[in-house]
Amino acid sequence: MSFLHHPAFQSLVLPFVLAMAISLLLRQLGLRWAVLGAALGLVLALAVWPGFDWPAASRAQVLPWVALCSTLLAALAIALKAPGTRAMARRNGLIAAVVLTLLALGLAAWGALGGSLLLAQLAMMLATACGVAVLWAWRAAAVSPVSLLPLLLTGIGLALCLAGLSAGGTEGSGGNVGEDPYYAPQWK
């Protein structure tokens, strides 16, 4: 089993390292860009695993595209200094980032208990990236609504995927009843 293909590495370590490194690099451009590093780290982690498949054959394959498009739109809004790109007050930004992280952890629990380990792993990737946003909100008070928007939209996409997942697996997925129709681990 390769360490790089282990679900714990893919959903916890990789997004955290990428998001922190990108946030530190973007810090050189200014504080308003630093928090966008969490969303960019999530996009790069999603590019590593599960990857960008086109055309997207399932709802789960749409999630990396949602994260990418919303991050690009947020970067454009920050570059143009659109409304909503100014940093919130320290307390408000920290509360927003913490709530988003707790919601992502709730999605991970919903995915794990609801029958999709892939969606649970993607939700943990989101929660890890949101945790980096919490660190930046706590340390630098630079969280803006636009910088959290890609994380929120990815979470909404995950929630829609989980809501559409039938309980106990699908009969037509080719597997046993109760199997996850999305998840095929590479680390076995």
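The structure holds zero disulfides, a disulfide being a pair of cysteine sulfur atoms within 2.5 Å. This is a predicted model, in which local features need pLDDT of at least 70 and side-chain atom pairs count only at pLDDT 80 or more, while totals for chains, interfaces and linings use all residues. Residues are numbered from 1 along each chain as its sequence is written, and side-chain values use heavy atoms, with hydrogens and water left out.

Cys161 is buried at 3% relative accessibility, whereas Cys69 has a relative accessible area of 43% and is partly exposed. Here buried means under 20% relative accessible area, exposed means over 50%, and partly exposed lies in between (1.4 Å probe, protein chains only).

The next topic is the interior. In soluble globular proteins, nonpolar side chains tend to be buried together. A nonpolar core is taken as a set of buried Ala, Val, Leu, Ile, Met, Phe, Trp, Tyr and Cys residues joined through side-chain atoms within 4.5 Å. The largest such core has 48 residues, and the members that touch the most others are Leu42, Leu119, Leu122, Met125, Leu126, Leu151 and Leu158. Two or more residues come from each of helix 1 (7-26), helix 3 (36-48), helix 4 (59-79), helix 5 (90-114), helix 6 (117-140) and helix 7 (145-164). Helix 6 contributes the most, with 15 residues. Helices (H or I, at least four residues) are DSSP runs, numbered from the N terminus.

Leu126 shows what such packing looks like at one residue. Leaving aside residues up to four places away in sequence, Leu126 touches Leu42, Ala104, Leu151, Thr154, Gly155 and Leu158, where contact means heavy atoms within 4.5 Å.

Phe52 and Trp65 pair edge-to-face, at 5.0 Å centre to centre and 70° between the planes. Phe52 sits in the loop between helix 3 and helix 4, and Trp65 in helix 4, 13 residues apart. Trp54 and Trp65 are also edge-to-face, at 5.5 Å centre to centre with 70° between the planes. Because Trp54 lies in the loop between helix 3 and helix 4 and Trp65 in helix 4, this pair ties together parts 11 residues apart in sequence.

Phe52, Trp54 and Trp65 form one aromatic cluster.

Definitions and conventions. Phe/Tyr/Trp six-rings, centres within 6.5 Å; stacked < 30°, edge-to-face > 60°.
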